[in-house]
Amino acid sequence: MLKIYNTMTREKEVFVPLTEGQVKMYVCGPTVYNYIHIGNARSTVAFDTVRRYFEFRGYQVQFVSNFTDVDDKIIQAAKELNITAPDVADRFIEAFYTDVTALGVEKATKNPRVMENMPDIIEFIQVLIDKGYAYESDGDVYYRTRKFKNYGKLSDQSIDELEIGASNRLEKIENERKEDPVDFALWKSAKADEISWESPWGAGRPGWHIECSVLATKYLGDTIDIHGGGQDLTFPHHENEIAQSEAKTGHPFANYWMHNGFVTMDEEKMSKSLGNFVLVHELIKQVDPQVLRFFMATTHYRRPISYNEATISEAKNNLNKVQMAASNLHYRLSDATIELPTDQDYFQQLAEFKQTFITEMDDDFNAANGITVIYELAKVMNIYSEQAEVSKAVIEAMLGLFKELLQVFGINLENQAELLDENIEQLLSERTTARAEKNFARSDEIRDLLKAEGIIIDDTPQGTRWRRE
């Protein structure tokens, strides 16, 4: 029975989809004015892992994640780069796909862009005005926050507390345009030389919050199963989405709210505003993307993760152990018997491993416990690979389950199946001959040559195996 921690209720709830066997899921995407940092990637990987687990459990997932492609930061980047705002967005959307693909992220069912959905945004705002939930003021449009009952329920804040914060935060001019300091912008009037669109209230562009309400309901319906994003989006972004969407449709916006934890550096949240970020675009040139994926995907999505040299090294070592377990077992296929009398015992054990994995992951996608099950399976595989007699049927079943479970975390064992070049193949063959002729000096020399090429040799009772360092 799959349970999800719902930010709205602050407790784990049994997942009951709107439509049996299907999941409608919306996750807030990036503002595309720069390359994503590892903190952005953490959210992308976390919800890709959630999606993969739903698919592993047999659900059909409609996964929508937006691109914010018009924003103050994008306009500023356009000025600095001396190109248009759409050109900035195009550049960094392409970079986003490159980076997350390297991290093993499945492409969303739909990645809608704000600029491509402007008529829908304008129409949505007009409905809110017609219903009395919004008003125009000097070309801007604001949402009447106090009119929406239970505003603040997601972030567990009162409207009075929010008013104090808003009054201190806003500029005098903006306060004068608003009926109430807690009201927020749905539409911003155009400034000179900035990208804009015509609307019933004059030229301008959308506020940040409105886009996700429009895109989620347009592509997934008035009510969706799951809405996800980083913890920092709970307020005000997701709070405002709820107010906008439910005022417009009259229906609950999302049945489950999920928020992932931050990535920290030196115990401080990673962000571009703090200047303590690491760009994925640069990082994947230095660190194996599968290691980065493993680092992020195998921690429970709600927990913060600390990015540093030690944690990356630990992830690399753990991934290597997993890969070696598969490599060791795959090696034994060459001398495996078709089947053995003990096969059924192992098949039963594998079924138990799979069920344990499901039990752990059904508990709010508990990746830390889920990967522990995989580590235990790896131990069994290593022990089996050392046996004098092994069964091809068991090896294939073990490898099949191993790959299936690792796919939930976005780890693809096929990526390690690199072909040795001709020189290394020749060295391996020559070393085998040298050992057979008891020419151990030459054998050791070849071992050193291979090590220089990043190939580690393991001599076992079942034969010589190699692995990349």
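Is Ala 77 buried or exposed? Ala 77 is buried, with a relative accessible area of 8%. The model described here is predicted.

**Sites from the UniProt record**

- An unreviewed UniProt entry places the feature "binding site" at Cys 28, Cys 212, His 237 and Glu 241.
- These positions are spread over 214 residues of sequence, yet they cluster in space, with a largest C-alpha distance of 11.0 Å.
- His 237 is found in helix H8, which covers residues 234-249, and Glu 241 has its place in helix H8 too.
- His 237 counts as buried because its relative accessible area is 1%, under the cut-off of 20%.
- Glu 241 is also buried, with a relative accessible area of 0%.
- Leaving out residues up to four places away in sequence, His 237 touches Cys 28, Trp 208, His 209 and Cys 212.
- One of these residues, His 209, also makes a polar contact, side chain to side chain, with His 237 at 3.1 Å.
- Glu 241 has its own set of contacts beyond four places in sequence: Cys 28, His 209, Cys 212, Ser 213, His 227 and Phe 253.

**The cysteines**

- The count of disulfides in the model is 0.
- Cys 28 is in no disulfide, and the nearest cysteine sulfur to it, that of Cys 212, is 3.8 Å away.
- Cys 28 is buried at 12% relative accessibility, and Cys 212 is buried at 1%.

- Ala 77 is found in helix H2, residues 72-81.
- Beyond four places in sequence, Ala 77 touches Tyr 33 and Val 88.
- Ala 77 and Asn 34 are 43 residues apart in sequence, while their C-alpha atoms are 8.2 Å apart in space.
- Arg 113 has its place in the loop between helix H3 (85-102) and helix H4 (118-130).
- Arg 113 counts as buried because its relative accessibility is 14%, and the cut-off for buried is under 20%.
- The contacts of Arg 113 beyond four places in sequence are Phe 67, Asp 69, Pro 86, Ala 89, Asp 90 and Ile 93.

**Nonpolar cores**

- In soluble globular proteins, nonpolar side chains tend to be buried together.
- The largest nonpolar core in this model has 90 residues, and Phe 54, Phe 357 and Phe 402 touch the most other members.
- At least three residues of this core come from each of domain 1 (3-298) and domain 2 (308-409).
- Another core, of 40 residues, lies apart from the largest one and has Ile 125, Phe 148, Tyr 151 and Leu 162 among its members.
- Phe 357 is in contact with Tyr 53, Phe 56, Gly 370, Val 373, Ile 374, Leu 405, Val 408 and Phe 409, leaving aside its neighbours within four places in sequence.

Conventions:
Residues numbered from 1 in each chain as written. Predicted model: local features only at pLDDT ≥ 70, side-chain atom pairs only at ≥ 80, totals over all residues. Heavy atoms only, no water. Core = buried A, V, L, I, M, F, W, Y, C linked by side-chain atoms within 4.5 Å. Buried < 20%, exposed > 50% of the residue type's maximum accessible area, 1.4 Å probe, protein only. Domains from an automatic or database assignment. Contact = heavy atoms within 4.5 Å. UniProt positions renumbered as here; feature names shortened; annotations may be inferred. Helix = DSSP H or I, 4+ residues; strand = E, 2+ residues; numbered from the N terminus. Polar contact = N/O pair within 3.5 Å; in protein donor to acceptor, adjacent residues only side chain to side chain. Disulfide = S-S within 2.5 Å.
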